[in-house]
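The sequence and the structure are shown first.

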Amino acid sequence: MTGRSYLGARRPGLCEVRVREGGGSRQLPLRLDLVRHSPTGFEWGYGGSGPAQLALAILADASGDSELALRFYQRFKREVVARLKPSGWELPADFVLGWLEAERRMLAEHGAGLHGGRFDSACPACSEGGDPPMGGAC
Ligand SMILES: [Zn+2]
(Lines give C-alpha, C1' and ligand atoms only; values in the text may rest on other atoms or scores of the structure.)
Protein backbone atom coordinates (compact mmCIF):
# COMPACT_ATOMS: atom_id res chain seq x y z
CA MET A 1 0.00 0.00 0.00
CA THR A 2 1.43 3.34 -1.01
CA GLY A 3 -1.37 5.65 0.17
CA ARG A 4 -0.67 7.73 -2.90
CA SER A 5 -3.59 8.89 -4.98
CA TYR A 6 -4.17 10.81 -8.22
CA LEU A 7 -6.92 13.40 -8.43
CA GLY A 8 -8.28 14.99 -11.57
CA ALA A 9 -10.34 18.17 -11.47
CA ARG A 10 -11.81 20.13 -14.33
CA ARG A 11 -11.62 23.90 -13.93
CA PRO A 12 -12.46 26.55 -16.52
CA GLY A 13 -9.95 26.08 -19.34
CA LEU A 14 -7.80 23.70 -17.37
CA CYS A 15 -7.64 20.03 -16.44
CA GLU A 16 -5.60 19.79 -13.29
CA VAL A 17 -4.15 16.56 -11.93
CA ARG A 18 -2.60 16.42 -8.49
CA VAL A 19 -0.79 13.68 -6.60
CA ARG A 20 -1.94 13.38 -3.00
CA GLU A 21 0.40 11.69 -0.59
CA GLY A 22 1.12 11.86 3.13
CA GLY A 23 -1.19 14.79 3.84
CA GLY A 24 0.24 16.99 1.08
CA SER A 25 -0.21 17.22 -2.65
CA ARG A 26 1.80 18.22 -5.71
CA GLN A 27 1.05 18.75 -9.35
CA LEU A 28 1.51 15.71 -11.58
CA PRO A 29 4.27 16.53 -14.11
CA LEU A 30 3.30 16.20 -17.79
CA ARG A 31 6.43 14.19 -18.65
CA LEU A 32 6.87 15.82 -22.03
CA ASP A 33 10.47 14.62 -21.70
CA LEU A 34 9.18 11.07 -22.37
CA VAL A 35 6.60 11.72 -25.09
CA ARG A 36 5.13 14.95 -26.44
CA HIS A 37 1.48 14.05 -27.05
CA SER A 38 -0.05 17.09 -25.46
CA PRO A 39 2.15 20.07 -24.51
CA THR A 40 -1.02 21.97 -23.58
CA GLY A 41 -2.01 19.66 -20.74
CA PHE A 42 -3.92 16.60 -19.57
CA GLU A 43 -7.34 15.43 -20.59
CA TRP A 44 -9.45 12.33 -19.83
CA GLY A 45 -12.75 10.64 -20.56
CA TYR A 46 -11.90 9.78 -24.18
CA GLY A 47 -8.93 8.42 -26.12
CA GLY A 48 -6.94 11.36 -27.51
CA SER A 49 -3.56 13.03 -27.09
CA GLY A 50 -4.35 14.72 -23.74
CA PRO A 51 -5.50 11.38 -22.29
CA ALA A 52 -2.37 9.68 -23.69
CA GLN A 53 -0.18 12.23 -21.91
CA LEU A 54 -2.08 11.64 -18.67
CA ALA A 55 -1.82 7.84 -18.98
CA LEU A 56 1.93 8.11 -19.45
CA ALA A 57 2.38 10.58 -16.57
CA ILE A 58 0.38 8.46 -14.12
CA LEU A 59 2.18 5.21 -15.01
CA ALA A 60 5.59 6.91 -14.80
CA ASP A 61 4.78 8.47 -11.43
CA ALA A 62 3.21 5.37 -9.88
CA SER A 63 5.87 2.91 -11.04
CA GLY A 64 8.91 5.20 -11.05
CA ASP A 65 9.87 3.35 -14.22
CA SER A 66 9.79 5.38 -17.46
CA GLU A 67 10.39 2.38 -19.70
CA LEU A 68 7.51 0.48 -18.15
CA ALA A 69 5.28 3.54 -18.53
CA LEU A 70 6.18 3.87 -22.21
CA ARG A 71 5.48 0.18 -22.78
CA PHE A 72 1.95 0.21 -21.35
CA TYR A 73 0.51 3.73 -21.45
CA GLN A 74 -1.51 3.35 -24.67
CA ARG A 75 -3.37 0.40 -23.14
CA PHE A 76 -3.75 2.23 -19.84
CA LYS A 77 -5.25 5.13 -21.80
CA ARG A 78 -7.79 2.91 -23.56
CA GLU A 79 -8.73 0.83 -20.53
CA VAL A 80 -8.60 3.38 -17.70
CA VAL A 81 -8.05 7.03 -18.67
CA ALA A 82 -10.64 7.01 -21.47
CA ARG A 83 -13.23 5.82 -18.93
CA LEU A 84 -12.56 8.39 -16.20
CA LYS A 85 -15.49 10.58 -15.27
CA PRO A 86 -15.25 13.85 -17.25
CA SER A 87 -16.12 16.05 -14.25
CA GLY A 88 -13.41 14.68 -11.94
CA TRP A 89 -11.98 11.48 -10.48
CA GLU A 90 -9.63 9.87 -7.99
CA LEU A 91 -7.33 6.96 -8.81
CA PRO A 92 -5.31 5.26 -6.04
CA ALA A 93 -1.70 4.45 -6.97
CA ASP A 94 -2.35 0.92 -5.68
CA PHE A 95 -4.96 0.48 -8.41
CA VAL A 96 -2.46 1.69 -11.02
CA LEU A 97 0.26 -0.68 -9.77
CA GLY A 98 -2.25 -3.55 -9.66
CA TRP A 99 -3.23 -2.85 -13.26
CA LEU A 100 0.44 -2.84 -14.30
CA GLU A 101 1.07 -6.08 -12.46
CA ALA A 102 -1.86 -7.75 -14.22
CA GLU A 103 -0.51 -6.59 -17.60
CA ARG A 104 2.94 -7.99 -16.82
CA ARG A 105 1.47 -11.29 -15.64
CA MET A 106 -0.57 -11.54 -18.84
CA LEU A 107 2.54 -10.84 -20.94
CA ALA A 108 4.44 -13.56 -19.09
CA GLU A 109 1.60 -16.05 -19.69
CA HIS A 110 1.56 -15.08 -23.35
CA GLY A 111 5.31 -15.70 -23.58
CA ALA A 112 4.92 -19.09 -21.89
CA GLY A 113 2.07 -20.11 -24.21
CA LEU A 114 -0.36 -20.28 -21.31
CA HIS A 115 -3.33 -19.04 -23.23
CA GLY A 116 -3.02 -21.99 -25.47
CA GLY A 117 -2.58 -20.24 -28.80
CA ARG A 118 -5.89 -18.47 -28.49
CA PHE A 119 -6.30 -14.74 -28.92
CA ASP A 120 -7.00 -13.09 -25.59
CA SER A 121 -8.15 -9.49 -25.81
CA ALA A 122 -6.98 -8.84 -22.23
CA CYS A 123 -3.43 -9.75 -23.22
CA PRO A 124 -1.19 -6.82 -24.24
CA ALA A 125 0.86 -8.93 -26.68
CA CYS A 126 -2.21 -10.43 -28.39
CA SER A 127 -4.05 -7.15 -28.72
CA GLU A 128 -0.99 -5.37 -30.09
CA GLY A 129 -0.49 -8.05 -32.71
CA GLY A 130 2.83 -9.05 -31.20
CA ASP A 131 4.52 -12.40 -31.47
CA PRO A 132 1.94 -15.19 -31.38
CA PRO A 133 1.98 -17.35 -28.26
CA MET A 134 3.67 -20.71 -28.57
CA GLY A 135 1.48 -23.37 -30.09
CA GLY A 136 -0.60 -21.22 -32.37
CA ALA A 137 -1.31 -17.94 -34.04
CA CYS A 138 -2.61 -15.13 -31.92
ZN1 LIG B 1 -1.42 -13.19 -25.73
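The sections below treat the overall architecture, the first helix, the helix contacts and some single residues.

## Basis of the description

The model is predicted: local features need pLDDT of at least 70, side-chain atom pairs count only at pLDDT 80 or more, and totals for chains, interfaces and linings use all residues. Numbering starts from 1 along each chain as its sequence is written.

## Overall architecture

The protein chain has four helices and four strands. Both are DSSP runs numbered from the N terminus, helices being H or I with at least four residues and strands being E with at least two. Read from the N terminus on, the order of the elements is β-β-β-α-α-β-α-α.

Along the principal axes, the C-alpha atoms of the protein chain fill a box of roughly 50 × 30 × 25 Å. Of its 138 residues, 28% count as buried. A residue is buried if 20 or more other C-beta atoms lie within 10 Å of its own, exposed if 12 or fewer, and partly exposed in between, with C-beta atoms placed from the backbone. Among contacts in the protein chain with a separation of 6 or more, 45% join residues 24 or more positions apart. Two residues are in contact if their C-beta atoms, placed from the backbone, lie within 7 Å.

## Helix H1

Helix H1 (residues 49-63) has 15 residues, and from its first C-alpha to its last it reaches 21 Å, close to the 21 Å expected at 1.5 Å a residue. The expected span is 1.5 Å times one less than the number of residues. Just after H1, Gly 64 takes a positive phi of about 70 degrees.

H1 is mostly covered, with 12 of its 15 residues buried. The buried residues include Gly 50, Pro 51, Gln 53, Leu 54, Leu 56, Ile 58 and Leu 59. Their cover includes strand E1 (5-11), strand E2 (14-21), H2, strand E4 (88-92) and H3.

## H1 against H2

H1 and H2 pack at an angle of about 135 degrees, with their axes 8 Å apart. Axes are lines fitted to C-alpha atoms, for helices over the stretch in contact, and angles run from 0 to 180 degrees between N-to-C directions. H1 and H2 are therefore oblique to each other; angles under 35 degrees count as roughly parallel, over 145 as roughly antiparallel, 65 to 115 as roughly perpendicular and the rest as oblique.

On the H1 side, the contact is made by Pro 51, Ala 52, Ala 55, Leu 56, Leu 59, Ala 60 and Ser 63, which meet Ser 66, Leu 68, Ala 69, Phe 72, Tyr 73, Gln 74, Phe 76 and Lys 77 in H2. By class, the contact of H1 with H2 has 11 nonpolar, three polar and one charged residues. Here Ala, Val, Leu, Ile, Met, Phe, Trp, Tyr, Cys and Pro count as nonpolar, Asp, Glu, Lys and Arg as charged, and the others, Gly among them, as polar.

## Contacts of H3

The axes of H1 and H3 come within 10 Å and cross at roughly 95 degrees. That makes H1 roughly perpendicular to H3. Ile 58, Leu 59, Ala 62 and Ser 63 in H1 meet Ala 93, Val 96, Leu 97 and Leu 100 in H3.

Helix H2 (residues 66-79) packs on helix H3 (residues 93-111) at an angle of about 100 degrees, with the axes 11 Å apart. H2 and H3 are therefore roughly perpendicular to each other. In this contact, Leu 68, Phe 72, Arg 75 and Phe 76 in H2 meet Trp 99, Leu 100 and Glu 103 in H3. The contact of H2 with H3 comprises five nonpolar, no polar and two charged residues.

## Individual residues

Arg 31 lies in the loop between strand E3 (24-27) and H1. Its phi is near 60 degrees, a positive value in a residue other than glycine. Arg 31 is buried, with 21 other C-beta atoms within 10 Å.

Ala 122 belongs to the loop between H3 and helix H4 (124-127). With 12 C-beta neighbours inside 10 Å, Ala 122 counts as exposed. By contrast, Ala 125, in helix H4, is buried, with 20 other C-beta atoms within 10 Å.
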